[in-house]
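Thanks for coming. I have one structure to show today, and I will take it in two parts. Here it is.

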Amino acid sequence: MLMRLIYASEASQALAPGELEALLATARRGNARRALTGLLVLDHRAFLQVLEGEAGRVSEVFCRIAADPRHERVRIIEARAVAERLFGHWSMGFAAADAAGAAQFLRFGGGPGFDPHALGAESALGLLQALGARASGPSP
C-alpha cells in the first residue's frame, strides 16, 4: 500500500553550518534505498516534511525521526493511503522556507510567516506542492 505522511516538527537547536547538507544527503541515500520520495521545507528551526512510499517503510522512517532528540514538537498532520505519489521527483527534495515563499505562507497558512504546526492536512499539502515547484534535490 502506498502511503503519504506529512509531519511538522521543530529542531531542538538551530542547525549548525553544514548540518542541513549532511541531513539531506543522509535522507536522500536512505530514502533511495527504501524507495521513498518526498520534500522537506525548513526555515531556521521549523520542519514541514512529506514522505511517500510503502506504508511500512514510511512508518519506519517517521518513527526514527520522531525518536530523534534533534526533533521537538513532532506532529503528524496527515497519514493516509494514496493511489499515486505527488512528490516522486525526488528521494528528498528541499525548499527553504524563506521570504520567497511568503505569498504561499499567506495563501495556505493564513499568515506571512512559516508555521507548519498551524496547518491542517489540506493546507500543508497545498503549501508543500507550491513550494515544491521551486525545490531542489536529486531524483530518486
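Let me start with a pair of helices: helix 3 passes helix 4 in a right-handed crossing. Keep in mind throughout that this is a predicted model.

Which residues make that contact? On the helix 3 side they are Gln104, Phe105 and Phe108. Helix 4 brings Ser123, Gly126, Leu127, Ala130 and Leu131. Sorted by class, the contact of helix 3 with helix 4 has five nonpolar residues, three polar ones and no charged ones.

Now the geometry. Two packed helices are described by the angle between their axes and the distance between the axes. Here, helix 3 covers residues 102–109 and helix 4 covers residues 121–132. Their axes come within 9 Å and cross at roughly 160 degrees. An angle over 145 degrees counts as roughly antiparallel, so helix 3 is roughly antiparallel to helix 4.

The lining has 28 residues, and Leu23, Ala27, Ile65, Asp68 and Arg70 are the closest to the centre of the pocket.

Where does the lining come from? Strand 1 (2–11), helix 1 (19–34), strand 3 (46–54) and helix 2 (55–67) each supply at least two residues. Helix 1 gives the largest share, with ten residues.

By comparison, the contact of helix 3 with helix 4 has no charged residues.

That is what I have for today.

Methods
Residues are numbered from 1 along each chain as its sequence is written. This is a predicted model: local features need pLDDT of at least 70, side-chain atom pairs count only at pLDDT 80 or more; totals for chains, interfaces and linings use all residues. Side-chain values use heavy atoms; hydrogens and water are left out. On a 1 Å grid over the protein atoms alone, a cavity is a set of points where a 1.4 Å probe fits but cannot get out, and a pocket is an open set with protein on both sides within 12 Å along at least five of seven lines; lining residues have an atom within 4 Å of a point. Helices (H or I, at least four residues) and strands (E, at least two) are DSSP runs, numbered from the N terminus. Axes are lines fitted to C-alpha atoms, for helices over the stretch in contact, and angles run from 0 to 180 degrees between N-to-C directions. Angles under 35 degrees count as roughly parallel, over 145 as roughly antiparallel, 65 to 115 as roughly perpendicular and the rest as oblique. A crossing is left-handed if the near helix is turned anticlockwise from the far one by less than a right angle, and right-handed if clockwise. Contact means heavy atoms within 4.5 Å. Ala, Val, Leu, Ile, Met, Phe, Trp, Tyr, Cys and Pro count as nonpolar, Asp, Glu, Lys and Arg as charged, and the others, Gly among them, as polar.
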